[in-house]
2 protein chains.
Amino acid sequence: MTLTAQTQAIHEDGGTWTFPPSQPLVLDSGARIDGLEIAWRSFGTLNADKSNAVLICHALTLDQHVAGKHPVSGKPGWWTRLVGPGRPLDPARHFIVCANVVGGCMGSTGPASLNPATGKPWGLSFPVITIADMVRAQAMLIEAMGIETLQAVVGGSMGGMQVLQWAVSYPDRLFSAVCVAAAARHSAQNIAFHEVGRQAIMADPDWRGGAYALHGSRPEKGLAVARMAAHITYLSEAALQRKFGRELQRDGLSWGFDADFQVESYLRHQGATFVDRFDANSYLYITRAMDYFDLAAPYGGVLAEAFRKARDVRFCVLSFTSDWLYPTPESRHIVRALNAAGARASFVEIESDKGHDAFLLDEPVMDSALAGFLDAVDGARGLR
Amino acid sequence: MTLTAQTQAIHEDGGTWTFPPSQPLVLDSGARIDGLEIAWRSFGTLNADKSNAVLICHALTLDQHVAGKHPVSGKPGWWTRLVGPGRPLDPARHFIVCANVVGGCMGSTGPASLNPATGKPWGLSFPVITIADMVRAQAMLIEAMGIETLQAVVGGSMGGMQVLQWAVSYPDRLFSAVCVAAAARHSAQNIAFHEVGRQAIMADPDWRGGAYALHGSRPEKGLAVARMAAHITYLSEAALQRKFGRELQRDGLSWGFDADFQVESYLRHQGATFVDRFDANSYLYITRAMDYFDLAAPYGGVLAEAFRKARDVRFCVLSFTSDWLYPTPESRHIVRALNAAGARASFVEIESDKGHDAFLLDEPVMDSALAGFLDAVDGARGLR
């Protein structure tokens with residue numbers, strides 16, 4: 001338990017939950033993970049009737065440090081615009097939990113963890129996980145915290161996929177769901193970009209069949225290329241043009257293969273800094289989980305059927321006009337299915353030229369849409 | 001000179017033109033290439049007054065084998081829909097020339113060629129080239145062939161960039177210009193995708209600083225990743241979804257990192273076959289030339305100024321609705337500049353969901369638009 005100077009009266013907590021052998025994580029693949037560890041962080045205090053808990057689900061390369069100070073980078077958490085005093089998710093009112101996904105590399109069990117059966121890093125012997133497995137692990141954590149019903153589950157991008165999966169897997173354990181800039185299934189183009197990233201990692205001889213930890217190497221070049229390719233998909237063409245255009249790094253062209261253009265330098269920087277904070281095998285596993293995601297598949301391909309038991313959950317779906325990774329039609333598809341299932345769904349398409357990354361950036365319309373929705377559900381449950 | 005069985009009465013020719021030391025290719029960078037070789041192929045016969053010559057400019061990874069049979073793959077040329085008996089470009093009427101660009105790897109001087117000064121492959125000591133340099137080399141070839149004025153210069157994608165450059169560099173040497181699915185400058189997103197590809201190649205240890213030929217190695221994995229990333233940009237999301245969706249390769253998921261989805265298998269195949277036909281250093285140099293391309297830059301950023309001397313050239317500009325690599329606004333930008341310069345420009349945006357690659361695929365509207373335009377300019381010059 002910590003009470004940082006920065007956050008003053010905010011009650012912050014965090015740590016790693018280790019589940020006993022009697023509670024393995026049983027995966028969609030049929031495999032199981034014994035001794036599951038889930039790293040989490042919380043803001044605020046669980047109230048007496050345990051009705052004010054909010055779970056935030058993070059995106060592909062993010063982590064549990066949604067607010068407060070990041071312990072490694074020292075930077076503010078990735079969603080401080082939404083989580084904090086006076087923000088839509090307020091630790092004075094909510095008990096806000098965020099957990100690193102299973103398969104991740106920020107403290108939860110993942111391919112870089114030691115396999116208890118061998119004492120060596122899992123590497124590629126780590127079982128393939130799914131979005132539903134991530135949610136299953138979160139549900140175990142939430143239950144272990146003594147929370148029966150979440151007031152809200154909130155997430156963007158892959159976090160939004162987890163939100164949808166929560167509503168399908170545990171419809172009785174959440175009161176509301178906020179899905180931002182996501183989709184109910186990965187498209188062929190989504191899969192294609194991820195496959196490029198995976199091939200870049202696996203092409204790096206330092207990857208060593210995934211056993212790089214045993215060799216003291218890291219596939220940094222491959223992982224950097226994967227990040228560069230992915231990063232382009234997070235921004236709109238307009239945002240890239242506005243930020244960089246054809247601006248040069250120096251006066252004049254180099255007539256070589258240095259980073260002449262600012263956009264090249266920016267991308268290289270994105271790649272170089274990413275490898276310092278992310279594990280290459282985690283990148284393989286989490287992108288795989290996203291590619292496997294198809295919420296309607298177990299329901300004969302009918303998404304409304306997947307949501308059938310979630311008709312009492314209050315949904316908020318947000319998309320951004322310039323997001324070409326998970327474009328608005330994907331959100332409309334979700335909303336139509338929710339409507340068909342008889343669930344309450346509010347939907348806002350937010351005008352933005354920032355692309356997919358808009359969900360992490362300064363988008364006042366998103367803030368106000370979320371504030372309005374969360375206020376309403378808090379009111380409906382007597383939290384304010 | 002060849003008269004193949006397939007093409008019967010079509011007069012085909014081809015070879016490599018070697019320029020004497022007295023005719024170096026002087027490059028935009030200030031460097032020069034002595035003993036320039038340009039590999040070319042032609043269809044049809046130059047008429048007595050040399051007025052029926054058409055130059056076709058090829059795209060990034062294509063070559064001079066625009067029609068007829070490809071000597072390596074044995075497949076039909078890449079634009080047989082447009083070039084052939086009864087087609088818009090008809091060897092019975094036109095003398096059609098296509099040349100491998102300088103910097104390429106299909107017979108023209110490029111980084112894989114031997115540097116006459118050292119007797120070793122150029123590798124990274126090859127000078128950086130531009131689209132204008134490619135066009136300069138083509139102009140040398142056309143002049144050597146005794147052609148003063150081209151009836152048309154035609155190209156798609158990077159070929160379209162060369163077409164525009166022709167109109168700017170040699171406005172008196174072409175009667176008409178056809179620019180398909182191209183742009184007058186590379187956008188930040190265009191540069192970004194190319195940079196990912198270059199980084200993938202240069203991250204491959206088999207690249208060896210570009211000197212792989214001396215080591216008997218080839219950066220195949222890096223080049224394959226580069227091709228995979230680029231290939232996604234050639235297709236629309238809709239085309240990927242229609243062709244592959246989430247279809248699996250086998251019954252059920254592999255729960256691993258094999259190619260589960262057909263789109264993964266397709267991309268891997270694209271990468272694997274590309275490395276058999278393309279040189280990695282050529283890929284670096286040609287993508288660099290495209291990134292450097294900004295037709296308006298030497299004219300104070302005013303594209304209309306670039307076209308000022310080309311007002312007598314008849315232009316045809318085509319774009320495709322689903323092309324997100326060189327989207328329609330780029331073509332509109334060209335057309336507005338042509339209008340402002342007082343040039344005759346016809347413009348058609350073709351409804352297609354095939355993405356950028358539409359210019360190589362079965363798009364009857366493109367065929368008829370081109371046929372109509374070329375017929376009209378042939379009529380204007382008394383060729384029919």
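Colleague: What makes you call strand β5 (residues 53-57) of chain A mostly covered?
Modeller: Five of the five residues in β5(A) are buried. A residue counts as buried if 20 or more other C-beta atoms lie within 10 Å of its own, as exposed if 12 or fewer do, and as partly exposed in between, with C-beta atoms placed from the backbone. Bear in mind that this is a predicted model, in which local features need pLDDT of at least 70 and side-chain atom pairs count only at pLDDT 80 or more, while totals for chains, interfaces and linings use all residues. Residues are numbered from 1 along each chain as its sequence is written, and chains are lettered from A and ligands numbered from 1 in the order in which they are written.

Colleague: Which residues of β5(A) point one way and which the other way?
Modeller: Ala53(A), Leu55(A) and Cys57(A) point one way, and Val54(A) and Ile56(A) point the other way. All of them are buried.

Colleague: How do you know which strands pair with β5(A)?
Modeller: Two strands pair if DSSP finds at least two bridges between them. Strands themselves are DSSP runs of E with at least two residues, and helices are runs of H or I with at least four, numbered from the N terminus. Four bridges join β5(A) to the parallel strand β6 (residues 95-99) of chain A, and four bridges also join β5(A) to the parallel strand β7 (residues 152-156) of chain A. Both therefore pass the test of at least two bridges. As examples, Val54(A) faces Ile96(A) in β6(A), and Cys57(A) has Gly155(A) in β7(A) as its bridge partner.

Colleague: What makes β1 and β10 of chain A the edges of the sheet?
Modeller: The open sheet of chain A has eight strands in the order β1-β4-β6-β5-β7-β8-β9-β10, with mixed pairing. β1 (12-18) and β10 (344-350) each have a single partner strand, so one side of each is left without a neighbour in the sheet. From one strand to the next, the twist averages 15°.

Colleague: Which strands does helix α2 of chain A touch?
Modeller: Helix α2 (residues 158-169) of chain A packs on the sheet and touches β5, β7 and β8 (176-180) of chain A. Touching rests on contact, which needs C-beta atoms, placed from the backbone, within 7 Å. The direction of α2(A) makes about 150° with that of β7(A); axes are lines fitted to C-alpha atoms, for helices over the stretch in contact, and angles run from 0 to 180 degrees between N-to-C directions.

Colleague: Which element gives the largest share of the side of chain A that touches chain B?
Modeller: Helix α3(A) does, with eleven residues. Overall, 42 residues of chain A are in contact with 42 residues of chain B. At least two residues each come from α3 (188-203), α5 (220-234), α6 (237-243), α7 (262-277) and α8 (280-292) of chain A. The chain A side divides into 23 nonpolar, eight polar and eleven charged residues.

Colleague: How do you know how chains A and B are related?
Modeller: A rotation of 180° with 0.0 Å of shift along its axis superposes chain A on chain B, at RMSD 0.0 Å. The two copies are thus related as by a two-fold rotation axis. The same surface serves both, as 100% of the contact residues of chain A recur in chain B. The superposition is by least squares on the C-alpha atoms of residues with pLDDT of at least 70 in both copies.

Colleague: Why is Ala296(A) called partly exposed?
Modeller: Ala296(A) has 18 other C-beta atoms within 10 Å, so it is partly exposed. Ala296(A) lies in the loop between α8 and α9 (303-306) of chain A. Beyond its neighbours within four places in sequence, its contacts include Ala184(A), Arg185(A) and Ala306(A).

Definitions and conventions:
Contact = placed C-beta atoms within 7 Å. Nonpolar A, V, L, I, M, F, W, Y, C, P; charged D, E, K, R; others polar.
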